[in-house]
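Colleague: I would like to learn how to read a model like this one. Can we take the ligand site, then the sheets?

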Amino acid sequence: MTAQIIDGKAFAATLREKIAQHISRLKQDHGVTPGLAVVLVGEDPASQVYVRSKGKQTVEVGMNSYEHKLPADTTEAGLLALIHQLNTDPAVHGILVQLPLPAHLDEALVINAIDPTKDVDGFHISNVGLLATGQKAMVPCTPLGCLMMLREYCGSLSGLNAVVIGRSNIVGKPMAQLLLRDSCTVTVVHSRTRNLPEIVSSADIVVAAVGRPLFVPGEWIKPGATVIDVGINRIEQGDGTTRLVGDVDYDTAKEVAGAITPVPGGVGPMTIACLLANTVTACCRTHSLSEPNGLTA
Ligand code: NAD
C-alpha cells in the first residue's frame with residue numbers, strides 16, 4: 001500500500017482563498033478590515049523569517065498587518081505596555097507575540113497579558129481552559145491545522161483511536177483536546193511512556209509532535225492509519241548539506257499508512273493559514289458578526 005499524500009500546501013492555499021473571500025465580504029458589507037499585530041522581540045533569525053512570512057500572508061488575504069519589532073533588551077514593562085496598547089486598539093483583532101522570547105522575559109506573564117479575545121495563538125490561560133472544557137475558544141494554530149486536515153481525510157473522527165506523540169502546551173495537549181472534542185479515543189504518549197511502539201501501532205490516527213528526526217518508523221504504523229507529522233527537524237546529509245525532515249520516517253511510513261503529511265509541505269503551511277483564520281474569527285466575534293464555516297474547530 002502507498003499512502004495518499006496530504007498536500008498541506010494546497011490545503012492551505014484553499015483555506016487562504018476562503019479567508020480572502022470572507023475578508024472582502026467583511027469589508028464590503030460591514031466596513032470592517034481584520035487586523036493582525038505581530039510582536040517580535042530580539043533578532044532570532046528563525047523568528048524573523050516566520051514574522052516576515054506571517055506579515056506577507058496577512059496582507060495577501062486583505063487584512064491589515066501591524067509589525068512591532070522590539071530590541072532584545074526590551075524590558076517586561078515595555079513589552080506589557082505595548083500589549084496593553086494593542087489590547088485597546090480597535091483596529092487590532094489579533095495579537096501574536098512571537099516565541100521564544102529572550103530569557104529575561106516571563107513568557108507566561110506576557111501571553112496572559114493579551115486580551116483573550118485577541119489571542120490568535122490560543123495560548124492564553126483562558127483559551128486553554130475554554131478549549132479543555134469544550135467551550136468556544138481561540139484554538140492554537142498548529143493543532144487546528146492538523147484537525148482540519150484530519151477531518152478532510154478521515155471524515156468523521158468519532159470513535160477512532162488517536163495517538164498524540166508529545167505533550168507540549170502548543171501542540172500535543174491542545175491536539176489531544178481537539179481530538180477528544182471530535183469524539184476520538186485519545187492517548188497521549190511522551191518521553192516517559194512505556195511500550196510506545198505498541199501504543200502507536202494501535203492508532204487509526206497518529207499525530208507526531210516530538211521534535212526528533214525520523215523518530216516514528218513505518219513498522220510502528222497500523223496499516224491504513226492517517227499520519228500527521230508536525231515535526232520540523234534539520235538534519236545533516238553526508239555531502240555537508242542539510243535537509244528538513246519530520247518526526248516520522250516518511251519513506252517507510254508512507255508504505256503502510258493510508259494517508260500521510262510530508263515534511264516540508266504538510267502541517268507547516270497550515271499553521272500560518274490557521275493564524276489568518278483565527279484573526280478573521282476574532283474579528284467576527286468582536287463585531288458580533290456571523291463566523292464563516294470551516295475556519296475554526
Ligand atoms: P516540545 O519540545 O515542546 O515537546 C516535545 C514533546 O515530545 C514533549 O512533550 C516530550 O515529552 C515528547 N518527547 C520527547 N522525546 C520523546 C521520546 N523519546 N519519546 C516520546 N516522546 C518524546 O516540542 P513542540 O513545541 O511540541 O514541537 C514538536 C515538533 O513540532 C518540533 O519539531 C517543532 O519544530 C515542530 N513544530 C512544528 C510546527 C509547524 O507549524 N509545523 C509548529 C510547532 C512545532
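**Reading the ligand shell and the sheets**

Modeller: Gladly. This is a predicted model. Start with the shell around the ligand: its largest share, three residues, comes from helix H10 (residues 267–286).

Colleague: Which residues come nearest to the ligand?

Modeller: Arg 167, Ser 168, Arg 212, Val 230 and Thr 271 come nearest, of the 21 residues around the ligand.

Colleague: How do the shell residues divide by type?

Modeller: Sort them by side-chain class. Ten are polar, nine are nonpolar and two are charged.

Colleague: Where does the backbone come within reach of the ligand's polar atoms?

Modeller: Look for pairs of N or O atoms within 3.5 Å. A polar backbone atom of Arg 167 is 2.7 Å from a ligand oxygen. For Ile 232, a backbone N or O atom lies 3.1 Å from an oxygen atom of the ligand. At Val 230, a polar backbone atom is 3.4 Å from a ligand nitrogen.

Colleague: How much of the ligand's accessible area does the protein cover?

Modeller: The ligand has 850 Å² on its own, and the protein covers 72% of that.

Colleague: Now the sheets. What should I look for?

Modeller: Strands of a sheet pair through backbone hydrogen bonds, either parallel or antiparallel. So read the strand order and the direction of pairing.

Colleague: What is the strand order in the three-stranded sheet?

Modeller: The order is S3-S2-S4, in an open sheet with parallel pairing. Its edge strands are strand S3 (64–70) and strand S4 (94–97). Neighbouring strands are turned by 15° against each other on average, direction ignored. Four bridges join strand S2 (residues 35–41) to S4. Val 39 stands opposite Val 97 in S4.

Colleague: Which helices pack there?

Modeller: Helix H2 (residues 45–60) lies across S2, S3 and S4, at about 160° to S3. Helix H3 (residues 76–87) also touches S2, S3 and S4, and its direction makes about 180° with that of S2.

Technical notes: Residues are numbered from 1 along each chain as its sequence is written. This is a predicted model: local features need pLDDT of at least 70, side-chain atom pairs count only at pLDDT 80 or more; totals for chains, interfaces and linings use all residues. Side-chain values use heavy atoms; hydrogens and water are left out. A residue is near a molecule or strand if one of its heavy atoms lies within 4 Å of it. A polar contact is a pair of N or O atoms within 3.5 Å; within protein, one must be able to donate a hydrogen and the other to accept it, and residues adjacent in sequence count only if both atoms are side-chain atoms. Accessible areas come from the Shrake-Rupley method with a 1.4 Å probe; for residues, only the protein chains shown count as cover. Helices (H or I, at least four residues) and strands (E, at least two) are DSSP runs, numbered from the N terminus. Ala, Val, Leu, Ile, Met, Phe, Trp, Tyr, Cys and Pro count as nonpolar, Asp, Glu, Lys and Arg as charged, and the others, Gly among them, as polar. Two strands pair if DSSP finds at least two bridges between them. Axes are lines fitted to C-alpha atoms, for helices over the stretch in contact, and angles run from 0 to 180 degrees between N-to-C directions. Contact means heavy atoms within 4.5 Å.
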